[in-house]
Amino acid sequence: MFVALTLGLATLVALMQTVATLRGGGRGDAVSARMVRFWGQLYVINYAVGIVTGLVMELQLGLNWAGMSRVTGGVFGAPLALETIGAFFVESTFLGLWIFGWDRLNRWVHLGAIWVVTVTAYASAYFVLVANGWMQRPVGFELVGGEARLTDVGALLTNPAALLAFGHVVFGGLLTAGFFVAGVSGWHLLRRTAEVAFFRRSMRVGLVTVLVALYPVVMFGGVQFAYLQPTKLGGGDAEAAVADFTARFGPDDYMAPGLAGAGEAVMVMMWSLMHLVAIVALVKVWFGRWLVRGRVFHVLMVVSVPLPYAAMLAGWVFREVGRQPWAVYGVVKTEDALSDVGSGTLAVSFVVFAVLFAVLVAVNAWLLVRFARRGPEGASLGAAPPAEPAAVMAPTF
């Protein structure tokens, strides 16, 4: 809910600032610089709330999943440590430099800061997906005394279940950001804003991003089917796959693919709707003057903002549910991965986490809507502090 927009919007803001920096004081530079401030402010809001969710998830791993940590911590914990130390800390540091270094740092140094933030954000996502990919398809390890030990770092880092998911997430983030930028721009153009040049250019940025990202997302999603667990398979091969699976792991050791199949159905429906929107967007990009005049098109872009989120959630349901009953497929079952603290404590813990996540989602949405409605004139990111009034000197005799 947070990372996709953070990844995509960071990339777009970095590209906007690159354009503004290269143009220097040339024509159009003012619009580019204002775009960086406006969209950058929305990016920082989403990033800040996302940090809190990351902390909650780490707390949940420690409290609720001690069994998995005992067995697989030596492998599963390695990419998460790299994500935290090597990527997240660097990303946060340079984001602070970027936010508070406005008009204080050299413009090229300031541009470099946002690109470090963007690159380390992708590195962070990659390491997280290495951990998740290992849960889906464990490789490069051996069990010694009931504990997993890493034997092949290369296999862990190049796991297809991680690399293909990473490509899927990269373009999914760009797609989410593209629809977000186009939707916010459509809302302002629909209300006949005076900032026509600003939001016309922003609309083009959003639409081009959607067109560039849509088909790679589908491609990276499709090739992952080669690495699905048998419990996710549907159609003619499902019975044979499940029979083979149960012969190896037991008759009660799989969850029927109903919920996974529902996630797949929703995901396909969302992609289909986004394809239709992309076709309309292609026409609008070609006939540029309609970007400002097309009120129906503006409404379409506004209501399309949730589509990539719905597809993303359905995709994660499809990816995670079919793995059950395994927390780490074929290595640790979910029932063995839980902390030994009692079912009541676990239930309360999960409810608290779920409510907290829901509150954070609501707060994030409220903040994004509030600051997006203000427009570029309300963007305070990088604004100089108000000057102190000059001291009045009393005459001396």
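The legends below describe close-up views of a predicted model.

Residues are numbered from 1 along each chain as its sequence is written, and side-chain values use heavy atoms, with hydrogens and water left out.

**View 1. Overall content of the protein.** The protein holds 14 helices and four strands, where helices (H or I, at least four residues) and strands (E, at least two) are DSSP runs numbered from the N terminus. Of its 397 residues, 46% count as buried, buried meaning under 20% relative accessible area, exposed over 50% and partly exposed in between (1.4 Å probe, protein chains only). Among the contacts with a separation of 6 or more, 81% come from residues 24 or more positions apart, a contact being heavy atoms within 4.5 Å.

**View 2. Crossing of helix 1 and helix 6.** The axes of helix 1 (residues 3–23) and helix 6 (residues 160–190) cross at roughly 75° and come within 7 Å; axes are lines fitted to C-alpha atoms, for helices over the stretch in contact, and angles run from 0 to 180 degrees between N-to-C directions. Helix 1 and helix 6 are therefore roughly perpendicular to each other, given that angles under 35 degrees count as roughly parallel, over 145 as roughly antiparallel, 65 to 115 as roughly perpendicular and the rest as oblique. Residues that make the contact include Leu 5, Gly 8 and Leu 12 of helix 1 and Gly 173, Ala 177 and Phe 180 of helix 6.

**View 3. Packing of helix 4 and helix 12.** Helix 4 (residues 107–136) packs against helix 12 (residues 306–321) at an angle of about 45°, with the axes 10 Å apart, and the two helices are therefore oblique to each other. Leu 129, Asn 132, Gly 133 and Gln 136 of helix 4 meet Trp 316, Arg 319 and Glu 320 of helix 12.

**View 4. Aromatic pairs.** Twelve aromatic pairs are found in the whole structure; rings of Phe, Tyr and Trp (its six-membered ring) pair if their centres lie within 6.5 Å, and planes under 30 degrees apart count as stacked, over 60 as edge-to-face and the rest as tilted. Phe 38 and Trp 39 form an edge-to-face pair, 4.8 Å centre to centre with 70° between the planes, and both residues are buried. Trp 98 and Trp 102, by contrast, form a tilted pair at 5.1 Å centre to centre and 55° between the planes, and each of these tryptophans is buried. Ring pairs also link Phe 38, Trp 39, Phe 180, Phe 198 and Phe 199 into a cluster.

**View 5. The faces of helix 11.** In helix 11 (residues 295–303) the buried residues are Phe 297, His 298 and Met 301. Seen down the helix axis, these buried residues fall within an arc of 105° and so line one face of helix 11, the arc being that of the directions from the helix axis to the C-beta atoms. Val 296 and Val 303 are exposed on the other side of helix 11.

**View 6. Surroundings of Ser 32.** Ser 32, found in helix 2 (residues 29–64), counts as buried because its relative accessibility is 4%. Not counting residues up to four places away in sequence, Ser 32 touches Met 16, Val 19, Ala 20, Arg 23 and Arg 201.

Notes: This is a predicted model: local features need pLDDT of at least 70, side-chain atom pairs count only at pLDDT 80 or more; totals for chains, interfaces and linings use all residues.
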